[in-house]
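Student: I have a structure open here and want to go through it with you. Can we start with the overall picture?

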Amino acid sequence: MEKLRAKEKLNPPKPGKCSLANARRRKDWEKMTKPERKNYIDAVKCMFTKPSTVSAEWAAGARVRYDDFAAIHINKTLGIHGTGNFLTWHRYHNWVYEKALREECGYKGAHPYWNWFKYQDRLLENPLFDGSDTSMGGNGAFFQHNGTLAAGLVYVPSGTGGGCVQSGFIKDISISLGPIRPAMDGMSTPVAGTMIYNPRCLRRDLNMYAAKKWHNYENLLDVVTGPHSGDIVTFQDEFQGRPPDGFLGLHSGGHHVIGGDNSDNYSSVVDPIFHFHHAMVDYVYWLWQALHPDQARQVGGTIKARSPAEGYTQRTDNLDLGEVAADLSIDEALDTLDGPFCYIYE
Ligand SMILES: [Cu+2]
């Protein structure tokens, strides 16, 4: 915050432009009032009733507006994970979703985030998952299974759920796309094509083993101020996780804290909790940028997941959201107070 203020003194915002004073403030779900949470939930329900806006040729299985955001993530999966555009692509995707909630579905606030660093050993008490009508739904029904093999490499023991979500508004919602590569044992057969319509309930397996192991302050400090914070490549690699070393880290670990449909790299976005998880990923990136002003605009890493064969990410590369939004260059996505964005975290 101090660094942001200092920066603003050097570059005072022009009238009508984004500044710290008029930026939207993204909050911890727990810090939002109940009417604010209900307003958010109503907007998500609306995304599941309005029709999809993308073409059937591109995403045949997309039925409702929500599916558009799942379809583009599925479509781009191999070019947005383990890559140099991971942080900015998900930042842009998250922001376009937030904008749709506001402009198409009556949401009044900024996108909330899931604070990973609380409730790790009592996930069902987290106001996000407590199953009340101001939560994003609770755990899945108990489903006997032998855990999850994250990224095909890291074993995560089963949680206490695994089946269909039983509480909150999510229990009445039907999801359309996926699974494509579910990593949880016993999950329904993957669909044959990535865009096939496969209506079903949403599954979760809330997992305290994963929450305690990866969502801890040690891992946070390591990437924001510690040994893995020095440059963008070191930061983003550690943040995303190193599955070959058995380390899922803050980002991948979080998908396995939710589990079930979230065990699927491609279609994890079918669970609306995805956007809370990625808002938190963005919060940590934003924090890292504020703490490392000299490295904040660095871009590094590869175009295809951890494979230099197709070259390295450049600031001029476009973040491609297909039919969901216009292209945005990585350069325009580096600052949350610039480009199309105007938000901060609190
Ligand atoms: Cu993703």
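Tutor: The end C-alpha atoms of residues 65-290 lie 34 Å apart, and that span is 37% helix and 6% strand. Helices (H or I, at least four residues) and strands (E, at least two) are DSSP runs, numbered from the N terminus. This is a predicted model, where local features need pLDDT of at least 70 and side-chain atom pairs count only at pLDDT 80 or more, while totals for chains, interfaces and linings use all residues. Residues are numbered from 1 along each chain as its sequence is written, and side-chain values use heavy atoms, with hydrogens and water left out.

Student: Which UniProt annotation covers residues 65-290?

Tutor: The unreviewed UniProt entry lists "domain: Tyrosinase copper-binding" for them. UniProt positions are given in the numbering used here, feature names are shortened, and annotations may be inferred rather than shown by experiment.

Student: Is His-73 buried or exposed?

Tutor: Buried, with a relative accessible area of 1%. His-90 is also buried, at 3%. Buried means under 20% relative accessible area, exposed over 50%, and partly exposed in between (1.4 Å probe, protein chains only).

Student: Switching to backbone. Where is the cis peptide bond?

Tutor: From Gly-178 to Pro-179, with omega near -10 degrees. Pro-179 sits in the loop between β5 (162-165) and α5 (208-214). Most peptide bonds are trans, and most residues other than glycine have a negative phi.

Student: What is the phi of Tyr-119?

Tutor: Near 65 degrees, a positive value in a residue other than glycine. Tyr-119 is in the loop between α4 and β2 (140-142) and is buried, with a relative accessible area of 10%.

Student: And what about Arg-306?

Tutor: Arg-306 has a positive phi of about 45 degrees and is not a glycine. The loop between β6 (302-304) and β7 (307-312) holds Arg-306, which is exposed at 52% relative accessible area.

Student: Last one: how many residues of α9 are buried?

Tutor: 16 of the 18, so α9 is largely enclosed by the rest of the structure.
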